[in-house]
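Subject: Handover of a structure

Dear colleague,

Please find the structure below. My notes on it follow, and I would be grateful if you read them with the model open.

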Amino acid sequence: MPQTVSEFLIQRLSDWGIKRIFGYPGDGINGLMGALRKAKDKVEFIQVRHEEMASLMACAHSKFTGEVGVCMATSGPGAIHLLNGLYDAKLDHQPVVAIVGQKARTSLGGNDQQEVDLMSLFKDVASEYIQMATEPSQVRHLVDRAVRIAQAERTVTCVIVPNDLQEVDYQEPKHEHQTIHSGIGYLTPRVLPQDTDLQRAAEVLNAGKKVAILIGAGAKNAVPEVIQVADVLGAGVAKAYLGKAVLADELPFVTGAIGLFGTNASHEMMQNCDTLLMIGSGFPYAEFLPKEGQARGVQIDLDGRMLSIRYPMEVPLTGDSAETLRALLPLLQRKEDRSWREKIEENVKDWWQYVGEAAHEEADPLNPRLVFEKLSPLLPDDVIMAADSGSSSSWMAQHIRIREGMRFSVSGTLATMGCAVPYAIAAKFAHPDKLAIAFAGDGAMQMNGNEELITIQRYWRTWADPRLIVLVLNNKDLNFVSWEQRLMQGEPKFHDSQDLPDFKYAEYAESLGLIGITIDSPDQVEDAWKKALEAKRPVVIEAITDPEVLVFNAKVAMKYAPKLASAIMHGDTGAAEHLGDTLRAAVGL
């Protein structure tokens, strides 16, 4: 029995191992929807509330599984909505394939309703591969190349399928000139630097007396190797935010996050090291790395384009993190002087003591730090977490202590708002037997998170473990940006842009049949988390928190003290409420 183009396309994706497509219907993909209906035992269609959420979920699926994520949207406005999540995938190097509908081929160029030049629209985000099908036998190699290139280049690809072509009978390519005969399958190569370059890298690392290591998500499959190298070199290991879950924070030499909400231990290590080894990270903030000329540098990255652009590296190595470190280890000499390592470990202990004390400082009505500090020891080892862009990321980075087996991600490079809830939903579909938690601010929830609670309501009964917890920090403020206005611009908080309307997130969750919990005092926090962790359905915890608790690391904020003083002088008294004695003195209070 002949297949339509749509039926063949869905079957081909299934043959590639695709089990799930995130999307939203429309008449531009009706043929594809019909094919998905017939193939629902092979490929599951997840209906989201907005196409942007579909692309964010496809990105998260890739992050939490290592597989290709797939999203689908109709022509015109649906296709446009995909872009944000696709850029999230592209910038964080995740393989995602977008399948997009288009107007009928006979109408293209006629200024038809919803006609958009999709080839031009997607040419940047899917720059490695974007094609529109115009003939049935073409579809086979378009799908094959889209999936293979997404995997090989760790990027976004796109296939556009006009709606009239979707209903046509599929035809295999003829065995003749100018036809393409593609196949299925991709095997990850072994990528290693040259032996001479490994030797050069070892010489640099062996010569260093104070070695600092910075890891990112690209080191996630090299955990034993990173630990061994850190031990041999007597080094500490800082983590870029996307690499937070790579190494356990229980390891005494792991200094934690780096950057605006990084730890004092990470910053002191970078300020005083004489050698920097960067592994699988594109951490973008040069001011938190050693000053140029202070340290000799070695970098390992699978993508040669990402080498030596954050710090001028003496030895830039193109290679897989685990493979390269394994090849490098026999060339390294163990540091007998462990004083550098011992100092790092002391600083790590001091940091955890500091944040623990900071979490218990008084706030009105609730210190957001405490919400995360109380959760950390309660988390199961196999939890999957996602944080949004904003103050929720600050508290996640500073207070959640990663243990082996935990997973976490965020919109790292794009840093888009509204990623946490769709990321957690994607995690539940990929790992339905695991607990997933989304850490979101009220701005992100009002932007798109509230709507995706409806998606959770629709699907939660299909998950083996029904628990999905959404923490909403309700401070009625676009909090991280408010602090950026104060510290980076020297401007008082601009209320017209920053203040948010109040919304009853927990009550809304209850209206959907989920569990809603509201907390606004310290004595409620631990019990709320325990109730949520024991629940038999998804939970929204609405924490009424104080927006004036400084979201930046306090030592980092010292660099911006003159601008913060300017903001306070111009009437922003709230910014002065929780600064601590040292920072208060620096701003002249």
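**Strand β4 and its neighbours**

Strand β3 (residues 69-73) pairs with β4 in the parallel sense, over five bridges. Two strands count as paired if DSSP finds at least two bridges between them; helices (H or I, at least four residues) and strands (E, at least two) are DSSP runs, numbered from the N terminus. This is a predicted model, in which local features need pLDDT of at least 70 and side-chain atom pairs count only at pLDDT 80 or more, while totals for chains, interfaces and linings use all residues. Residues are numbered from 1 along each chain as its sequence is written, and side-chain values use heavy atoms, with hydrogens and water left out.

Cys71 has Ala98 in β4 as its bridge partner. Strand β4 is also joined to strand β6 (residues 156-162) by seven bridges, and these two run parallel. There, Ile99 stands opposite Val159 in β6.

In a regular strand the side chains alternate between the two faces of the sheet. Both faces of β4 are covered: Val96, Ala98, Val100 and Gln102 are buried on one side, and Val97, Ile99 and Gly101 on the other. Buried means under 20% relative accessible area, exposed over 50%, and partly exposed in between (1.4 Å probe, protein chains only).

**Two further residues**

Ile384, in strand β13 (residues 384-387), is buried because its relative accessible area is 2%. Its C-alpha atom is 4.8 Å from that of Ala436, 52 residues away along the chain.

Met569 lies in helix α23 (residues 561-569) and counts as exposed because its relative accessibility is 65%.
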